[in-house]
Amino acid sequence: MSGFDDMDVDTIWMDGEFVDWDEAQVHVLTHGLHYGSGIFEGVRCYDTDEGPAIFRWDEHLDRFYNSAKPYDMDIDHSREELTEATLELIERQDLQSCYIRPLAYYGYNSLGVSPQDCPTKTAIACWPWGTYLGEEALENGVDVMVSSWRKHASSQVPTNAKTTGLYVNSMLAGEEARRNDYVEAIVLNKEGNVAEGPGENIFLVNDGEIYTPGLAESILDGITRQTAITLARDLGYTVHDEAAISRGELYTADELFFTGSAAEITPIRSVDDVTIGPGERGPVTEELQSKFFEVVERRTDEYDDWFTYA
Ligand SMILES: Cc1ncc(COP(=O)(O)O)c(C=O)c1O
């Protein structure tokens, strides 16, 4: 992935102000930096014939505000304000497609673990971002390993909140995989069932039916997950979205794929060096993936209410 310095971006929105990229800084004693007390979103905006189109912005905003709730974090910017700021960032920087990163965190005041006296700060940045796991991955699939790290349990932290600090678990799992020459990891939950990827939800296909772990399995309720479930059902598939999936079932699946705003729909071709199905993108994954890209690139009029146009 190329670094920000190679990108043609110059503005970040911070609490009501459009700030020069290089000036968008925080104090080193910021609460969120020490304790991971922030929440965020990752959203894609697609290049379409009708201009840049933000995918499922409303659902991302819902999750953004919901993620703040368990931490008693009061985001004092309305949905309208965040939407206008984002649209203006896209326009000002002349972005046709981009990744959007809304962030809210406890800021600078004191460094007790309690954030009570720290202000809630909010920022939004947008930048160009290609395929997350590589262009080739979308077509040929990725080789993954089951991580030795378990996902934190939803009884320990609210796993349905997209919290900055929780991503050390994702980082450990992902880096362990890459150190071992895999592209990505699959993380099991505390009970040993399949949870998700470090930044992706996971789906399994068997005998033409689709399975994905339920929300009680300590997963993030991915918006691409919801999208894949809807598209698959509309295509006529039976989708079991409350599944409990054992590790062993990964190896014997007909097909496996990841979903995520960054990863989109990425096939998995092997797990722990065991080939999944024929070892290439399977037919169900391909049908769903091609429908997904038809929708997000707006080559169809269907699902237009999923888009916010810049
Ligand atoms: C841990 C985790 N699970 C799942 C997802 C997929 O969620 P979404 O489809 O909303 O991007 C993400 C990415 O945000 C994630 O970080």
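**Close-up views of a predicted model**

View 1. Ile223, Thr224, Arg225, Thr227, Ala228, Ile229, Leu231 and Ala232 are buried in helix 6. A residue is buried if 20 or more other C-beta atoms lie within 10 Å of its own, exposed if 12 or fewer, and partly exposed in between, with C-beta atoms placed from the backbone. Helices (H or I, at least four residues) and strands (E, at least two) are DSSP runs, numbered from the N terminus. The structure is a predicted model, in which local features need pLDDT of at least 70, side-chain atom pairs count only at pLDDT 80 or more, and totals for chains, interfaces and linings use all residues. Residues are numbered from 1 along each chain as its sequence is written. The end C-alpha atoms of helix 6 are 16 Å apart, which agrees with the 16 Å that its 12 residues should span at 1.5 Å a residue. That expected span is 1.5 Å times one less than the number of residues.

**View 2. The shell around the ligand.** The ligand is surrounded by 14 residues, and the closest are Leu220, Gly222, Ile223, Thr224 and Ser261. Helix 6 (223-234) and strand 14 (255-260) are the elements that give two or more residues to this shell. A residue counts as near if its C-beta atom, placed from the backbone, lies within 6 Å of the molecule. Helix 6 contributes the largest share, 3 residues. The shell holds 9 polar, 3 charged and 2 nonpolar residues. Here Ala, Val, Leu, Ile, Met, Phe, Trp, Tyr, Cys and Pro count as nonpolar, Asp, Glu, Lys and Arg as charged, and the others, Gly among them, as polar.

**View 3. Strand 1 and its two partners.** Strand 1 (residues 11-14) runs antiparallel to strand 2 (residues 17-20), and 4 bridges join them. Two strands pair if DSSP finds at least two bridges between them. The two form a hairpin with 2 residues between them, and aspartate 15 in the turn has a positive phi of about 45°. Strand 1 is also joined to strand 7 (residues 120-127) by 2 bridges, again antiparallel. Tryptophan 13 faces phenylalanine 18 in strand 2, and its bridge partner in strand 7 is isoleucine 124.

**View 4. The buried side of helix 2.** The buried residues of helix 2 are Trp57, His60, Arg63, Phe64, Ser67 and Ala68. They lie on the same side of helix 2, because they cover an arc of only 135° around the axis. The arc is that of the directions from the helix axis to the C-beta atoms. In an α-helix there are 3.6 residues a turn, so residues three or four places apart point the same way. Helix 2 (residues 57-68) has 12 residues and reaches 17 Å from its first C-alpha to its last, close to the expected 16 Å.

View 5. Arginine 269 belongs to strand 15 (residues 264-271). Arginine 269 is buried, because 23 other C-beta atoms lie within 10 Å. Aspartate 273 sits in the loop between strand 15 and strand 16 (274-275), and its phi is near 70°. Aspartate 273 is exposed, with 9 other C-beta atoms within 10 Å. Arginine 298, in the loop between helix 8 (283-296) and strand 17 (307-309), has a positive phi of about 55° although it is not a glycine. Arginine 298 is partly exposed, with 19 other C-beta atoms within 10 Å.
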